[in-house]
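Work through these exercises with the model open. Each task is followed by a stepwise solution.

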Amino acid sequence: NCTQATEFILAGFTEDLATQVTLFLLFLLTYLVTILGNLGMITLIRASPLLHSPMYYFLGNLAFVNLCTSTIITPRILVGVSLGKKGMAYAGCMAQVFTLGLFLVTECFLLAAMAYDRYVAVCHPLLYALVMSPERCSRLVTGSYLLGLTNAAAQTIGMSSLLFCGSSAVDLFFCDISLLISLSTSDTTLSLAILRTASLLGVPSMLVVLVSYAAIISTILSISSAEGKCKAFSTCASHLTTLSTFYGALIFMYLIPRLDASRGGDKWAAVLYTVVTPMLNPLIYSLRNQEVKEAWRRLMKIK
């Protein structure tokens, strides 16, 4: 006899009241900064002719994806921490699996497209306008969303075939597909195959990033002047920072094998790529990028 679970219990972070208040304020501040930063970046890119270039076209889409990722996760954390509401309905969990699967894979390929853009800009500057045409940029962005949608649909279909007759406690603050599969009491062969295939989707994007930056570093090292090297590297520094935090957390979370007993660090790795990175990205590009600063000054009419 199997009674299908109608909701999942999300473990959250802690039961200590003082710590919960601190976490609530911290996550609330993070979410507000994320909303303002990413909406501000999208608005600035659309409003400023100075930023109408392939690099900022990709960055605008990245800001939108970051905004969506944070909105999927952070409000649910705030509800759980402030109200102590740990239950999430089965339908809500399915929706979270779908949307998170969509935007995480989309972000992987957007970051790869941005790495390719920087490769063309640094290694083939004379061909940049031809190679990174509006049509090609549009295809790269559309392809990123389609791959994310394919991953989301496959993972949701795989989860819908699972039965949950035993424990419904998820040791995380959102419905992670890998943990849900481990809780299922039915045959998980199909779901595991889909999850592994989805994980492999990240490999091509990482290869594009690695090959692009290997070529970029080689080109920068061949530049004779120190000023030229510094200028070339500055065009990639913000993107490298974003790549390091996002891919580093995903690799720790999903690709490094570990025993179940040692999964305590997963919560903070998940916080890094679902909450912290979406907040940091617009700040990184705003603080380090002179074109963005100049666009803000022009928009606000600050001399």
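**Exercise 1.** Find which cysteines form a disulfide in this predicted model, and describe the link.

*Solution.* 
Step 1. Apply the cut-off: the two cysteine sulfur atoms must lie within 2.5 Å.
Step 2. C93 and C175 pass, with their sulfur atoms 1.7 Å apart.
Step 3. Take the hand: the angle about the S-S bond is -115 degrees, and the link of C93 and C175 is left-handed.
Step 4. C93 belongs to helix α3 (residues 90–123), while C175 sits in the loop between β3 (169–170) and α6 (177–183), so the bond joins parts 82 residues apart in sequence.

**Exercise 2.** Are C93 and C175 buried or exposed?

*Solution.* 
Step 1. Buried means under 20% relative accessible area.
Step 2. C93 has 0% and is buried.
Step 3. C175 has 2% and is buried too.

**Exercise 3.** What is the helix content of residues 56–77 and of residues 89–112?

*Solution.* 
Step 1. Locate the spans: the unreviewed UniProt entry annotates both as "transmembrane region".
Step 2. Residues 56–77 are 100% helix and 0% strand, with end C-alpha atoms 31 Å apart.
Step 3. Residues 89–112 are 96% helix and 4% strand; here the end C-alpha atoms are 35 Å apart.

Definitions and conventions
Residues are numbered from 1 along each chain as its sequence is written. This is a predicted model: local features need pLDDT of at least 70, side-chain atom pairs count only at pLDDT 80 or more; totals for chains, interfaces and linings use all residues. Side-chain values use heavy atoms; hydrogens and water are left out. UniProt positions are given in the numbering used here, feature names are shortened, and annotations may be inferred rather than shown by experiment. Helices (H or I, at least four residues) and strands (E, at least two) are DSSP runs, numbered from the N terminus. Buried means under 20% relative accessible area, exposed over 50%, partly exposed in between (1.4 Å probe, protein chains only).
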